[in-house]
Amino acid sequence: MNKSETRDRGESFLRGEALMFDEADALWRSLKKENDLALARAVLARVRDREGLVDQLPSKRSVRERLCREEALLTSKDPELSPAIRHDRALGILEEEFDLEDPELDGDRILSVAGGIYKRRWSDLGQLDDLMKAAELYGRGAGPDLGEDAYAHINAAFLEDVLAGVGVDPDERRARARELRERIVSGLAPSDLWWNVASRAEALFGLGRYDEATRLLESVPTPQPWQLKTTAEQLATLGRLREEEPLAVPGIRECFDALLPGSAAATRSAFVGQVGLALSGGGFRASLYHLGVLARLADLDVLRHVNVLSCVSGGSIVGACYWLALRRRLLRPEPMTPDAYVQLVAELIDHFEAAVARDLRGQVQDSKAAIAWRFLRGEKGAMDTERAADALEEQFYRPLMPGEGPLFMDELPFTPADHDPALAGSESFHPLEHNWLRAHKVPVLVLNATTVNTGHAWQFTPTWMGESPWAVHEEADSVPRLEWSWYVPAKWRMKVGRAVAASACVPGIFSPLIIEGAYEGIEVQLVDGGVHDNQGTVSLLAQGCNVLLVSDAAGQLLLEKRPAPGIKGFGAYLKRSMDTLMARIRLANYGDLSARKRTGLVKGLMFLHMKAGLDADPIRLSFSQEAYELKRSPLTRSGVRKDFQQALAELRTDLDDFTVDESRTLMACGYQMAAKAFERDLRGITELWEEPGQSSWIFEPWLEEITATAPTTPRRDELLAALREGSKVRA
């Protein structure tokens with residue numbers, strides 16, 4: 001059977017078709033081999049429940065244990081289940097047949113299965129306790145018998161080193177890791193099976209015997225790309241734990257040349273990791289700030305490493321533009337260079353400023369009387385989201401991908417001009433499978449919205465839309481998830497302008513974007529992605545990113561000395577309550593990322609926000625007896641003048657026309673803050689960046705102004721006054 005036939009057979013079985021046990025057993029195995037893990041799990045679960053079988057489930061204990069083990073593995077890996085529950089469910093399945101705490105299981109491979117589940121839970125949720133439990137289980141599974149590939153032993157050694165690297169009993173754990181590797185080197189019987197070779201090579205590598213590991217890798221046939229990727233990533237992690245600059249060590253470089261011959265890009269990918277860039281909401285203020293961040297990342301040649309681009313609201317407006325501009329460039333046959341990214345962003349700035357100048361809000365906003373009538377007839381927003389979607393597509397997106405008629409998300413996937421089928425093992429290109437082999441990644445574009453019906457995150461990508469399993473935590477959320485799905489052009493698709501408009505339609509300002517007929521009896525209503533996650537970081541974690549670049553230009557809470565009284569202040573009171581909640585969510589997201597950084601799960605984190613470094617001194621009591629005065633620098637640690645940064649942080653978050661001073665100063669601020677933050681937080685990942693050349697940016701005069709330390713400059717007072725005036729929403 002081909003892949004489509006196998007899937008049809010699996011779905012028929014789930015709908016009630018009866019099969020012999022041997023047929024059903026072969027069916028879920030075929031689905032697993034084809035990487036259709038969710039369907040394979042569902043078929044196997046039905047088999048284990050003794051449903052849909054013509055004959056009986058074999059009573060042999062060995063068969064029961066095998067099926068239990070496999071269902072647990074599939075459950076832990078099932079992309080259709082939330083990470084918050086799938087690993088717990090997997091462990092519960094194992095415990096139906098095995099007592100994992102029983103010492104008599106020591107040395108049994110089932111402990112490695114359990115260890116792998118805890119390892120994946122650590123990877124998804126970032127809890128150090130899960131990493132320690134994974135190491136314990138793998139260690140118990142590493143019995144006297146090395147088996148055919150020393151699977152438990154090599155993974156136990158790896159996790160011992162990872163824990164040592166984050167400071168958990170480092171001397172003791174490194175000693176255990178060394179002892180395990182020495183056992184593998186001296187005791188594992190060689191074979192041509194890839195995992196046998198990989199275990200022996202990793203053991204030698206972890207012992208610092210790079211030359212021997214290289215000779216071993218040179219002597220075997222090339223395995224499947226996914227096997228190479230898994231091995232390369234684990235070796236790269238060990239290399240970073242052993243050496244400050246691993247690829248500068250000749251032995252390590254030669255080992256990777258043997259593992260990945262002719263693919264320097266794959267080697268670099270293994271060491272850099274999965275890079276994600278998040279662009280926050282905040283109207284055109286955020287969009288323009290993000291352009292400055294993109295400019296600095298282009299200078300550093302970082303943009304070519306970005307695997308995932310997660311966007312919210314104003315970040316979606318500019319992020320979709322960047323992605324389309326990059327798509328257009330990667331379809332051209334000329335090789336990409338660092339200068340190509342600089343030129344791309346420079347052209348994007350020109351395009352975006354021209355589009356903003358057409359005043360999107362002014363085009364779609366009705367008169368006050370018409371707005372009042374909209375609310376009287378039951379509309380939920382002052383402006384029509386569908387009109388905004390059409391304007392976005394016409395002004396921002398169609399010029400970057402010319403064509404007739406509407407532009408749909410499912411039309412965006414493409415094969416880059418330099419795709420190498422021989423290297424990838426596939427004529428077709430998919431970023432999740434093939435980006436690691438490329439020097440210039442094709443980012444997975446994620447446009448984030450929020451579902452009014454469920455309160456969950458809704459996502460649009462070029463290949464699917466819906467609520468991701470990452471959107472829910474079933475144990476704390478009883479609201480059903482709206483199923484995600486690949487696009488079906490005849491039934492299920494979305495215009496690019498509508499997807500961006502859904503991500504950016506602020507509740508009350510815009511009406512929700514409506515999707516009808518997709519789910520029986522449900523009218524889906526989507527609003528601004530910032531309602532759920534205004535930084536877009538959850539989507540980066542869902543895609544497995546471990547180097548995160550977060551540009552946060554969202555509106556933030558400011559001190560309110562005298563909240564407005566009476567009816568006049570009631571709306572402001574409600575809005576501030578919502579803003580307080582969003583600030584709390586933002587802090588929680590940042591706390592999660594910081595915790596992942598401390599446990600080593602996130603190897604790099606750059607988190608920009610527009611109020612970083614501004615003074616927030618305690619406000620003294622009127623009868624305070626404190627006499628000291630704090631001396632403050634005029635610059636933040638990003639090198640931006642505090643008066644300018646404060647004015648920019650208070651600038652309106654709107655979709656109207658921004659003046660040249662407003663737009664260029666925002667870009668300059670994003671550029672400067674990204675420059676300093678990258679130097680501080682990510683410079684140590686040397687494979688991620690290059691020394692910048694001599695670029696020239698249109699916002700440089702404004703950059704000089706906001707970083708000037710002179711007592712005064714010719715434009716300072718005028719520019720500050722203009723920016724402070726820009727905090728007001730224009731009629």
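Glu160 and Arg176 are joined by a salt bridge, with N and O 3.1 Å apart. The term covers a side-chain nitrogen of Lys or Arg within 4 Å of a carboxyl oxygen of Asp or Glu. This pair links distant parts of the chain: Glu160 sits in helix α8 (residues 151–165) and Arg176 in helix α9 (residues 170–187), 16 residues apart. Glu160 is buried at a relative accessible area of 6%. Arg176 is partly exposed at 32% relative accessibility. Buried means under 20% relative accessible area, exposed means over 50%, and partly exposed lies in between (1.4 Å probe, protein chains only). Helices (H or I, at least four residues) and strands (E, at least two) are DSSP runs, numbered from the N terminus.

The model is predicted: local features need pLDDT of at least 70, side-chain atom pairs count only at pLDDT 80 or more, and totals for chains, interfaces and linings use all residues. Residues are numbered from 1 along each chain as its sequence is written, and side-chain values use heavy atoms, leaving out hydrogens and water.

**Salt bridges**

The salt-bridge rule gives a count of 50.

| Pair | N to O distance |
|---|---|
| Glu160 – Arg176 | 3.1 Å |
| Arg86 – Asp124 | 3.1 Å |
| Arg209 – Glu212 | 2.8 Å |

Arg86 and Asp124 meet through their side chains. Arg86 belongs to helix α5 (residues 83–94) and Asp124 to helix α6 (residues 110–125), so their bridge ties together parts 38 residues apart in sequence. Arg86 is buried, with a relative accessible area of 10%. Asp124 is buried too, at 13% relative accessibility.

Arg209 and Glu212 form another salt bridge. Arg209 is partly exposed at 31% relative accessibility. Glu212 is partly exposed at 30%. Elsewhere, salt bridges that share partners connect Arg361, Arg652, Asp654, Asp656 and Glu662 into one network.

Helix α7 (residues 128–141) has 14 residues. At 1.5 Å a residue it should span 20 Å, and its end C-alpha atoms are 20 Å apart, which agrees. The expected span is 1.5 Å times one less than the number of residues. Buried residues in α7 include Leu131, Ala134, Ala135, Leu137 and Tyr138.

In helix α30 (residues 716–725), the buried residues are Arg716, Leu719, Leu720 and Leu723. They span an arc of only 100 degrees around the axis, so they lie on the same side of α30. The arc is taken from the directions running from the helix axis to the C-beta atoms. These buried residues pack against α27 (642–649), α28 (660–681) and α29 (700–707). Contact here means heavy atoms within 4.5 Å.

**Nonpolar cores**

In soluble globular proteins, nonpolar side chains tend to be buried together. A nonpolar core is a set of buried Ala, Val, Leu, Ile, Met, Phe, Trp, Tyr and Cys residues joined through side-chain atoms within 4.5 Å. The largest core in this model has 118 residues. Its members that touch the most others are Ile317, Phe352, Phe396, Tyr397, Trp458, Phe460 and Leu688. A second, separate core holds 63 residues, including Ala72, Leu238, Ile252 and Leu259.

**Positive phi**

Most residues other than glycine have a negative phi. Which way does phi point for Arg50, positive or negative? Arg50 has a positive phi of about 60 degrees, and it is not a glycine. Arg50 lies in the loop between α3 (37–48) and α4 (61–77). Arg50 is exposed, at 53% relative accessibility.

Ser313 also is not a glycine, and its phi is positive at about 55 degrees. Ser313 is located in the loop between β2 (306–312) and α16 (314–330). Ser313 is buried, with a relative accessible area of 4%.

**Whole chain**

The protein chain has 30 helices and twelve strands. Its radius of gyration is 28 Å, close to the 27 Å of the globule rule for 731 residues, so the chain is as compact as a globular protein of that length. The radius is taken over C-alpha atoms, and the rule is 2.2 Å times the number of residues to the power 0.38. Along the principal axes, the C-alpha atoms fill a box of roughly 80 × 65 × 60 Å. Buried residues account for 54% of the 731. Of the contacts between residues at least 6 apart in sequence, 71% join residues at least 24 apart.
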